[in-house]
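Hello,

Here is the structure we spoke about. Please look through it before reading my notes below.

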Amino acid sequence: MHIFGDPSKWLNDLFLEAGLGSGLSILLTTLTLLFVVILLSWLSNLIAKAIIRNVVTSIVKKTTSTWDDIFLEQKVFTRLSHLAPAFVIWSMAGWALSSYPTWLIVVHKMTYIYVVIVGTVVVTSFINAWHEIYKTLPISAHRHIKGYVQLVKLIVYIITFLILFAVISKKDITAIVTGLGAMAAVLLLIFKDTILGLVASIQLSANDMIRIGDWITIPGRDVDGTVMDITLNTVKIQNFDKTIITVPTYALVNESFQNWKGMEDSKTRQIKRPILIDMQSIKFMDSDLKKKLSKYQPLSHYMESFEKSRSEYSLNRDDAFFNHGLLTNLGLFRFYAEAWLKQHPLVDKAQTVILRHKQTDGNGLPLQIYLFTKGYQMAAYENLQSEIFEHLIAMLNEFGLKIYQNSAGFIVINPTGSENQNQ
């Protein structure tokens, strides 16, 4: 009973009886007791982990809820086990270091710091677990909260830093916060990107401007790809060439960007590209062209209907204006192209399908094809677009039309056989 009543005195007497000096006996007694405390703290950690592994885990696996499984995956319970050795050291350090009160103060302070750090890790894991739970909810598809999660973590880290600084410097937290207030300008400069990112993240989330998985383009930054991650400070985008570009979050608020989400939701994609027509090849329909195009049934009906309405309108006037035909090969081509596109199985008939003239810039007459395709996947879209333009370009010759091609830089052979280099 004497041994268990005061082991430090018993160990000290044992070392004295062995012929050691008083100072050395006290030191060896303290080291021995410290070894015992460290051993007990290590065993407490093993026991706490064993309880979590065998008891808590089995209970979690038996429940039907998935929330507790997420807490287990985020190691919230496992990290709690690291508090056990801290409690052992805190409660037994006074017994082991009774002869060294200065050491006791240091050990208590280090244990306190350890508890604060472990507590911060546990709280961070807890926040991560709730974030993972949120991502399982339907609302997460429309509202990402990673920026808010990072903000909460940042607040936790700041509080941890203040507590640790107060413990180490032996100052009151209120005084430290007051001192930080005086350094507000410096802090604003240091955390400028974080503050801007926080405001931008709130705006992006509140206005539903961007989500993970969206296809966005930012021309000024060579961004054209899918959003992979949105954090407090950055937005990570994977371009279609598989390169990764990181853009500051506030750049998406300060600059304009294009989000293709609406196109993907509509399951359609727009084609809006011109064919440059050689304006010298545009002419009125004559009998030869009419005969050539009459084999196309829609065009035949269209020409007959037009001539009928023209004859009714002209009232047999002998005016060259009305006798000149009015119908042009380009007008007939536009009618044919629209009719062909509207019957194409991969063109969305519910949307506008039209061929229209755009303002010329001296490089031919731009005839723009404007329509929406069914489906938006890149391969199918590009193949359909190529198919449409290949067909229409091939049909131009049937209407006596030509593609405008700039001959600058090409060798032109004159009828005399001589060659001139166009510059």
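Which residue forms a salt bridge with glutamate 398? In this predicted model, the partner is lysine 295, with the closest N and O atoms 3.4 Å apart. Glutamate 398 lies in the loop between helix H18 (378-395) and strand E9 (411-413), and lysine 295 in the loop between helix H14 (287-293) and helix H15 (297-314), so the pair ties together parts that are 103 residues apart in sequence. Lysine 295 is exposed, at a relative accessible area of 58%.

A search of the whole structure finds three salt bridges. One of them joins glutamate 255 to arginine 221, with 2.8 Å between the closest N and O atoms. This pair also links distant parts of the chain, 34 residues apart. Both residues are partly exposed: glutamate 255 at 33% relative accessibility and arginine 221 at 31%.

Another salt bridge is between the side chains of glutamate 132 and lysine 135 (3.1 Å, N to O). These two are three residues apart in helix H7, and are therefore separated by about one helical turn. Glutamate 132 is partly exposed, at 30%, and so is lysine 135, at 45%.

Helix H7 (residues 101-135) also packs against helix H8 (residues 146-169). The angle is about 175° and the axes are 10 Å apart. An angle over 145 degrees counts as roughly antiparallel, so H7 and H8 are roughly antiparallel to each other. The residues in this contact divide into 14 nonpolar, five polar and three charged. Among them are Ile113, Val116 and Thr120 in H7, and Val152, Val156 and Thr160 in H8.

Regards

Conventions:
Residues are numbered from 1 along each chain as its sequence is written. This is a predicted model: local features need pLDDT of at least 70, side-chain atom pairs count only at pLDDT 80 or more; totals for chains, interfaces and linings use all residues. Side-chain values use heavy atoms; hydrogens and water are left out. Axes are lines fitted to C-alpha atoms, for helices over the stretch in contact, and angles run from 0 to 180 degrees between N-to-C directions. Helices (H or I, at least four residues) and strands (E, at least two) are DSSP runs, numbered from the N terminus. Angles under 35 degrees count as roughly parallel, over 145 as roughly antiparallel, 65 to 115 as roughly perpendicular and the rest as oblique. Contact means heavy atoms within 4.5 Å. Ala, Val, Leu, Ile, Met, Phe, Trp, Tyr, Cys and Pro count as nonpolar, Asp, Glu, Lys and Arg as charged, and the others, Gly among them, as polar. A salt bridge is a side-chain nitrogen of Lys or Arg within 4 Å of a carboxyl oxygen of Asp or Glu. Buried means under 20% relative accessible area, exposed over 50%, partly exposed in between (1.4 Å probe, protein chains only).
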